[in-house]
Amino acid sequence: MKLVSYLDHRQAAPQPSWGALIDNQIIDLATVNAATLRDALRIDGLDGIAQRLATGTDAQGIALSDVTLLPPIPNPDKILCVGLNYHLHAQEANVPLPAKPSLFVRFSSSLTGHGQPVLRPAESEQFDYEAELAVIIGRSAHRVKEEDALQYVAGYTCMAENSVRDWQRHATQATAGKNFVHSGAIGPCLVTADEAPAPEVMTVIGRLHGETVQQDSGANMIFSIAQIIAYVSTFTELLPGDVIATGTPAGVGMSRKPPRFLREGDIFEVEISGLGVLRNPVRNES
């Protein structure tokens with residue numbers, strides 16, 4: 001399944017909803033008890049969502065042109081991000097390979113959906129792009145074993161986990177440089193794990209104005225998704241709808257000579273094999 005969250009602009013006062021994307025049509029699957037995709041994962045799980053879709057495929061679809069896509073999970077309990085998780089990215093950053101995953105957090109307000117502007121903060125000239133694979137958790141996971149970890153994955157999506165580099169370096173923690181409002185993006189949809197390629201065969205591509213600036217395979221991650229989930233779930237309980245960003249490949253703007261940072265009017269795309277393309281224009285924050 002491909003699952004999306006959206007606003008339907010045919011309504012006078014659009015309210016967030018969610019549904020399944022089939023051939024550029026959205027089948028709305030929201031209910032009173034599961035008004036959000038996060039609620040549906042928690043209450044019904046993927047099997048329940050699939051059953052609901054099977055009984056609702058005769059419903060009239062909503063054209064993609066009539067909606068604004070939101071982040072697949074607009075209201076996650078947690079957004080956890082892994083830094084320096086590709087060998088070549090660690091090399092270009094001139095840092096040793098980490099012994100454990102390097103983690104930081106993002107807030108939901110720092111992300112927007114497919115097709116919406118990402119905002120270049122007025123406080124910095126160092127707004128950098130980062131293409132990433134994001135994992136969405138499907139059921140509660142606490143102290144899970146690495147060999148069992150992928151059983152807790154609902155699916156995958158694309159993420160532009162962009163960074164404000166000078167603010168990222170204000171301290172040893174990256175939080176300040178990662179949480180400017182709508183500085184990143186995620187989407188366009190959650191592709192369920194049963195329909196997505198295995199993470200190790202996914203190719204993560206970042207494009208700036210159609211030019212490939214990042215490209216690497218999930219097989220070249222320093223820490224696999226299973227290792228990340230096992231590690232994170234040791235110190236916190238992962239909940240349905242939680243998001244884990246798994247790190248960006250080499251080729252980021254700060255490592256180029258001269259550096260290449262995002263400017264108003266730029267278009268940044270994240271394409272991941274089997275998941276689709278996340279596309280966002282860059283706008284100066286007003």
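This is a predicted model: local features need pLDDT of at least 70, side-chain atom pairs count only at pLDDT 80 or more; totals for chains, interfaces and linings use all residues.
I'm counting a residue as exposed when its relative accessible area is over 50%, and as buried when that figure is under 20%.

**Entry 1: Asp39 and Arg42.** I started with Arg42, which has 55% relative accessibility and so counts as exposed. Its partner is Asp39, and their side chains form a salt bridge with N and O 3.4 Å apart. Asp39 comes out at 19%, so I have it down as buried. Where do Asp39 and Arg42 sit relative to each other in helix α1? They are three residues apart in that helix, which covers residues 37-43, so about one helical turn separates them.

**Entry 2: Arg279 and Glu269.** Next I looked up another salt bridge, the one joining Arg279 to Glu269, with 3.3 Å between the closest N and O atoms. Arg279 belongs to strand β19 (residues 276-284) and Glu269 to strand β18 (residues 267-272), so this pair ties together parts that are ten residues apart in sequence. Buried or exposed, what about Glu269? I have Glu269 as buried, at 17% relative accessible area. Arg279 is partly exposed, at 41%.

**Entry 3: Asp8 and Arg10.** I also checked the N to O distance in the salt bridge between the side chains of Asp8 and Arg10, and it is 2.9 Å.

**Entry 4: the wider tally.** How many salt bridges are there by this rule? I get a count of 15. I also found a network of salt bridges linking Arg106, Asp128, Glu130, Glu161, Arg165 and Lys178.

Technical notes: Residues are numbered from 1 along each chain as its sequence is written. Side-chain values use heavy atoms; hydrogens and water are left out. A salt bridge is a side-chain nitrogen of Lys or Arg within 4 Å of a carboxyl oxygen of Asp or Glu. Helices (H or I, at least four residues) and strands (E, at least two) are DSSP runs, numbered from the N terminus. Buried means under 20% relative accessible area, exposed over 50%, partly exposed in between (1.4 Å probe, protein chains only).
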